[in-house]
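This briefing is meant to be read alongside the sequence and the coordinates. Please keep both open while going through the points.

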Amino acid sequence: MDDMGAEEQDGRSSGAGPDGTVRRAFLSLGANLGDRAASLRAAREALAALPATRVLAASPVYETAPQGLEDQAWFLNQVVCVETGLEPLELLRRCQAIEQRAGRVREARFGPRTLDVDILMVEGVESDDPRLTLPHPRLWRRAFVVVPLADLWTLARGLTTVDVRALAAELRREQAVEPYRDG
Ligand code: A4P
Ligand code: MG
């Protein structure tokens, strides 16, 4: 069990965090074990319930061929844009707690998981800290991230100079990413 339940109950409003800064952040959700759509839904709800955090938009859900470790089930993936007053490391801690609550067990790197929540980009923040590297180091190589990110392109403008839509079209030729109708 984690210790954040009561705090989350009390802190549902959006607004600035302790240092007064509110930033846009893009998060990647992924699942390939259990009820994948339910895991993504629960993750979206948990993100919306974080203190000082508001979900601005969620991309459509995609069914995607596994990358990295290919001998595993297809994933459901989605990108969510939030506005948050949480400091980036605190946001990471909260995302990891959401993974834990979804029953995530860390086994193989890149391997199967009930829920993965990665931080893709945080407005105005660059970091090479291995605990939290921003932008996410593998972001621009992966169709399962870039394609849903391109759907939220208008919100991503100003956070990156990458032409996300052109890159999405290019990556999609090599990595299978299909719309998921029941998401
Ligand atoms: N970490 C550093 N930077 C970040 C960041 N920006 N966001 C650290 C989140 N975490 C970050 O992550 C390992 C460590 O990375 C953490 O301790 C954190 O401090 P993890 O979630 O414990 O382990 P993981 O998920 O196995 O590794 P990782 O690096 O997140 O894996 P990936 O790169 O996310 O790959 N194929 C498809 N189709 N869809 C997928 O969703 N996912 C993966 C996982 C592989 N293949 C996939 C998919
Ligand atoms: Mg991860």
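**Briefing on the predicted model**

Ala52 has its place in the loop between α2 and β2.

- Phi of Ala52 is near 55 degrees, which is a positive value in a residue other than glycine.
- Most residues other than glycine have a negative phi.
- With 19 C-beta neighbours inside 10 Å, Ala52 counts as partly exposed, because a residue is called buried if it has 20 or more such neighbours.
- Although Ala52 and Gly85 are 33 residues apart along the chain, their C-alpha atoms are separated by 5.2 Å.

**Overall fold**

- The secondary structure of the protein comprises six helices and eight strands, and along the sequence these elements follow the pattern α-β-α-β-β-β-α-β-β-β-α-α-α-β.
- Of the 183 residues in the protein, 34% are buried.
- Among the contacts with a separation of 6 or more, 74% are accounted for by residues 24 or more positions apart.

**Helix α2**

- Helix α2 has 13 residues, and the distance from its first C-alpha to its last is 19 Å, close to the 18 Å expected at 1.5 Å a residue.
- Its buried residues are Arg36, Ser39, Leu40, Ala43 and Leu47.
- Seen down the axis of α2, these buried residues fall within an arc of 95 degrees, so they line one face of the helix.
- The buried residues of α2 pack against β1, β2 (53-58), β4, α3 and β5.
- For Ala43, the contacts beyond its neighbours within four places in sequence are Leu29, Ile98, Ala102, Leu115 and Val117.

**Helix α3 and what follows it**

- Leu91, Arg94, Cys95, Ile98 and Glu99 are the buried residues in α3.
- Viewed down the axis of α3, the buried residues fall within an arc of 145 degrees, and therefore they line one face of the helix.
- The cover over the buried residues of α3 includes β1, α2, β4 and β5.
- Gly103 follows α3, and its phi is positive, near 85 degrees.

**The largest nonpolar core**

- The largest nonpolar core has 41 residues, of which Ala25, Phe26, Leu27, Ala43, Val80, Leu120 and Leu149 touch the most other members.
- Two or more residues of this core are given by each of β1 (23-31), α2 (36-48), β4, α3 (88-101), β5 and α4 (143-151).
- The largest share of this core comes from α4, which contributes seven residues.

**Around ligand 1**

- There are 22 residues around ligand 1, and those that come nearest are Gly30, Thr64, Phe75, Phe110 and Thr133.
- By type, the residues of this shell divide into nine nonpolar, seven polar and six charged.
- Strands β4 (75-84), β5 (116-122) and β7 (132-134) each supply at least two residues of the shell around ligand 1.
- Phe110, one of the residues that come nearest to ligand 1, has its place in the loop between α3 and β5.
- Because Phe110 has 13 C-beta neighbours inside 10 Å, it counts as partly exposed.
- Leaving aside neighbours within four places in sequence, Phe110 is in contact with Gly68 and Leu69.
- The C-alpha atoms of Phe110 and Leu69 are separated by 5.9 Å, while the two residues are 41 residues apart along the chain.

**A cis peptide bond**

- Leu134 and Pro135 are joined by a cis peptide bond, with omega at about -10 degrees, and Pro135 is found in the loop between β7 and α4.
- Most peptide bonds are trans.

How values were computed. Residues numbered from 1 in each chain as written. Chains lettered and ligands numbered in written order. Predicted model: local features only at pLDDT ≥ 70, side-chain atom pairs only at ≥ 80, totals over all residues. Near = placed C-beta within 6 Å. Helix = DSSP H or I, 4+ residues; strand = E, 2+ residues; numbered from the N terminus. Nonpolar A, V, L, I, M, F, W, Y, C, P; charged D, E, K, R; others polar. Core = buried A, V, L, I, M, F, W, Y, C linked by C-beta atoms within 7 Å. Buried ≥ 20, exposed ≤ 12 C-beta atoms within 10 Å, placed from the backbone. Contact = placed C-beta atoms within 7 Å. Expected span 1.5 Å × (residues − 1). Arc of directions from axis to C-beta.
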